[in-house]
Amino acid sequence: MDLREIDYFLTVVRTMNFTRAAEACGVAQPTLTRAIQRLERELGGPLLARERGNTHLTALGRLVHPQLEEIVARSRSLRQQVSLHSRLEGSDLRLGVMCSIGPARFGGFLSRFRARRPGIAITLSDATPDQLCERLLRGELDAALTSLPEGPGDRLRAEPLYTENFRVACAPGHDFAARPAIRMRDMDGQVYLSRINCEHREVLGEALRAVGAKLVHACRSEREDWIQSLVAAGMGVCFLPEFSAAQPGLLLRPIEDSPPARSVCLVSVAGRRWSSSLGCFIEAVRRERWQAA
């Protein structure tokens, strides 16, 4: 169904005059008349009756008039939304964030991005690396900030942003609190609280085995806040990325001998066309000086 023909019909209904309707539409009256006749043939009957200058709706015209008005209104609304989206007004960006990434490195960046692109609404979703990758592939996320120790594989592409070292977290009363730095072999015999969602468990385990350090595992949890709270309460120690959102009362000590590290990346689906909002976000990410932050 031609929207222009519908618009001509609705203009005639508003004016109840073919001549004034043609003027309002900016076309010749025969052009308008033929367009409405095509619409009538498509709908199976006359929509308007013209009797000695008296134009009025037929029964079919009265029946379809509300639906045709709704079609035009929806079309205009759709065009307006597309126009706003193309100007990055009212568009959205669905961004996944690995659960162990703290906001310290991204807070300022997101604030600046929002100032430059106020029309883009960002939704942040917290999940593990595996969950983020699955949601990316299902189209539930546009991009994700995560670490991929085993690489992105063939279906994903990753842009490295910055590298952060792991540190040892302890309570103020712990023996480590008085030291400026910790050696990996100092972890031998330490009561350890394990972060189940830590994507670098194997890397950290290998670093401990390399120096002959064995941990005493006391508690495991998926909840980062619980592990940190237990460490702060003096129950044990744990490894944390240096830019994690550490709870108050928690001390982080650097590892002086070849500290394990992770690379934080912006991950998207390889070969998938970027939305306008994602394209702007990736462009802004590439301009940021992450390593110097």
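Q: Axes here are lines fitted to C-alpha atoms, for helices over the stretch in contact, and angles run from 0 to 180 degrees between N-to-C directions; at what angle do the axes of helix 1 and helix 3 cross?
A: First, a word on the model: it is predicted, so local features need pLDDT of at least 70 and side-chain atom pairs count only at pLDDT 80 or more, while totals for chains, interfaces and linings use all residues. Residues are numbered from 1 along each chain as its sequence is written, and side-chain values use heavy atoms, with hydrogens and water left out. Helices (H or I, at least four residues) and strands (E, at least two) are DSSP runs, numbered from the N terminus. Helix 1 spans residues 3-15 and helix 3 spans residues 29-43; their axes come within 9 Å and cross at roughly 110°.

Q: How is helix 1 placed relative to helix 3: roughly parallel or roughly perpendicular?
A: Angles under 35 degrees count as roughly parallel, over 145 as roughly antiparallel, 65 to 115 as roughly perpendicular and the rest as oblique. The crossing is roughly 110°, which makes helix 1 and helix 3 roughly perpendicular.

Q: Which residues of helix 3 meet helix 2?
A: The axes of helix 2 and helix 3 come within 9 Å and cross at roughly 100°, so these two are roughly perpendicular to each other. Helix 2 brings Phe18, Thr19, Ala21, Ala22 and Cys25, which meet Gln29, Leu32, Thr33 and Ile36.

Q: Is Met16 buried, partly exposed or exposed?
A: Met16 sits in the loop between helix 1 and helix 2 (18-25), and its phi is positive, near 50°, although the residue is not a glycine. Buried means under 20% relative accessible area, exposed over 50%, and partly exposed in between (1.4 Å probe, protein chains only). Because its relative accessibility is 28%, Met16 is partly exposed.

Q: Why do the buried residues of helix 6 line one face, and within what arc?
A: In helix 6 (residues 129-137), the buried residues are Pro129, Leu132, Cys133 and Leu136. The arc is that of the directions from the helix axis to the C-beta atoms. The buried residues line one face because, seen down the axis of helix 6, they fall within an arc of 100°.

Q: Which strands do the buried residues of helix 7 pack against?
A: Leu204, Gly205 and Leu208 are buried in helix 7. They share the same side of the helix because they cover an arc of only 100°, while Glu202, Arg209 and Ala210 are exposed on the other side. The buried ones pack against strand 6 (156-170) and strand 9 (238-241).

Q: Which residue's side chain makes a polar contact with the side chain of His200?
A: His200 lies in the loop between strand 7 (191-195) and helix 7 (201-210), and it counts as buried because its relative accessibility is 5%. A polar contact is a pair of N or O atoms within 3.5 Å; within protein, one must be able to donate a hydrogen and the other to accept it, and residues adjacent in sequence count only if both atoms are side-chain atoms. At 2.9 Å, the partner is Glu199.

Conventions: Contact means heavy atoms within 4.5 Å.
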